[in-house]
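Open the model in your viewer and keep the selection tool at hand. Each stop below says what to select and what is there.

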Amino acid sequence: MIKKHFWKALAVLILLYTFIAGLLVPLKPGIVEMDPRTVQSGRNISFKVKGYNTHYMNSDIRAWLKMDEDHVLAASPILIQNDRDLKLIFGIPPFLPTTDKTQNFTLIIDSPVDGVHLLPNAVFVSQDSVNLALASLQWPPERITDLHEKAGITFPFRNILAETIRNIYFHVPMWFAMILLFLGAVIYSGRFLWKKNMQDDQRAASMIRTGVLFGILGLLTGAVWAKNTWGAYWSGDIKQNMTAICLLIYLAYFVLRQAYEDPDHRARVSAVYALFAFFAMIPLLFVIPRLTDSLHPGNGGNPALGGEDLDNTMRLVFYPAVFGWFLMGLWIAQLNFRIERLRERRLEEE
Amino acid sequence: MSKRIFLPALFLIAAFLPGMAQGSDTSADFMRSMGKMYVVVTAIGIIFLGIVVFLIFLDRKLTKLEKQTKQND
């Protein structure tokens, strides 16, 4: 009894773990605001900086504007207002060590408590005229040293994403579970064509039904995420469009099943269609989005599931979430299958 | 019958849940407050509601079968 239901308990425990860890582990400190963003060179300028998850009070804070490895400007003085607000004063020299009229700088803040955190393209500095000779005198070689690292378990802080980086544990596993369920349907469809056992046909149909459910949930969660990061529910991103097509192909599977009265005929046609749909899905989801520009990571030259988008701490939650949702999907599919089997038996008895 | 209810129900969720984030600037501010945490909350809410709707759909199927079984007995 316990052995038979062990995997369902495992699904619940794994998902419980991903919910707790995925929601409670804090983000690394980050910088959310810098004011002003465009300034003129040759002035002492006071910047207002707002941190996220930071603990600036009673901390030994250092801050820099960085152009490249050799051209760094330290802030002085640094006025700490509270845990999240800083006032940084930078004395920007009249000439910049670049031939461009406008140069962007990254803001870097380091503290022993929060570790190093930064805001790329924090400030754009304009100079009236270019003078490299004077600039090299005004920018003595300075390097950033002795940076700290935040202690404890944290998820990466990324501007624009902020806390929504946690959606990787909820939105992305929907797709992984969907693909695994569709793969399961391919295996059962293949087995049906080989052994002509009606139960395999029903198993495949149940898995596809659950997979489509996960696919729709993936689209909806993705739309809400996109609205608050990319700016629109549907931006016509190549991967959004291709997944919509893929789901329509799978919805047609059920239309196809409705069209046949004879169970044997229906099972044979839908098994072949399930194979076709899966092999149509592979280029739609994994090939075409990589060929063009896409907002999704892992497409159009963006790194997939790597770097700051998915670090090793996040993997500890993400991969269990994929496995947990897959087991959950199997459970739902199995319930669906058992109901379908009961109905078939009823029909046979009548 | 149950199938006729299932898909419209999903579309209803699709229409309503993002609707909460749409419209006036105050609700957009709400979604973006606390480091956009409510985006994650909404995503989890959608998944929860979607699974509940699917369970209702399975429940109705089973109820129909039970009724047929009773009639036959």
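Select strand S4 (residues 62–68) of chain A together with S5(A): the two pair in the antiparallel sense over four bridges. Strands pair here if DSSP finds at least two bridges between them. Strands (E, at least two residues) and helices (H or I, at least four) are DSSP runs numbered from the N terminus. Two residues make up the hairpin that joins S4(A) to S5(A). For one bridge, pick A:Lys66, whose partner in S5(A) is A:Val72.

This is a predicted model, in which local features need pLDDT of at least 70 and side-chain atom pairs count only at pLDDT 80 or more, while totals for chains, interfaces and linings use all residues. Residues are numbered from 1 along each chain as its sequence is written, chains are lettered from A and ligands numbered from 1 in the order in which they are written, and side-chain values use heavy atoms, with hydrogens and water left out.

Which residue forms a salt bridge with A:Glu69? It is A:Arg143, with the closest N and O atoms 3.8 Å apart. A salt bridge means a side-chain nitrogen of Lys or Arg within 4 Å of a carboxyl oxygen of Asp or Glu. A:Arg143 lies in the loop between helix H2 (132–138) and helix H3 (171–195) of chain A, so the pair ties together parts that are 74 residues apart in sequence. Over all chains, the whole structure has 13 salt bridges.

Now widen the selection to the sheet. Five strands of chain A form an open sheet in the order S2-S9-S8-S4-S5, with mixed pairing. Strand S2 (38–40) and strand S5 (71–74) each have a single partner strand, so one side of each is left without a neighbour in the sheet. Neighbouring strands are turned by 35° against each other on average, direction ignored; the axes are lines fitted to C-alpha atoms (for helices over the stretch in contact), and angles run from 0 to 180 degrees between N-to-C directions. Within this sheet, select strand S8 (residues 102–111) and strand S9 (residues 115–126) of chain A, an antiparallel pair with nine bridges. A:Thr102 stands opposite A:Ser126 in S9(A).

Next, select the other sheet of chain A, an open one of four strands in the order S1-S3-S7-S6 with antiparallel pairing. Its edge strands are S1 (30–35) and S6 (78–80), each pairing on one side only. The twist from one strand to the next averages 25°. Strand S3 (residues 44–52) and strand S7 (residues 85–91) of chain A are antiparallel over seven bridges, and A:Asn44 has A:Gly91 in S7(A) as its bridge partner.

Finally, show chains A and B together. In contact (heavy atoms within 4.5 Å) are 35 residues of chain A and 33 residues of chain B. The area buried between them is about 3200 Å², of which carbon and sulfur atoms give 75%; buried area is the accessible area (1.4 Å probe) that two parts lose on being put together, summed over both. Select A:Asn228, A:Ile339 and A:Arg346, which supply 19% of the area that chain A buries against chain B, more than any other three residues. One salt bridge is counted between the two chains. B:Lys61 forms a salt bridge with A:Glu340, with the closest N and O atoms 2.5 Å apart.
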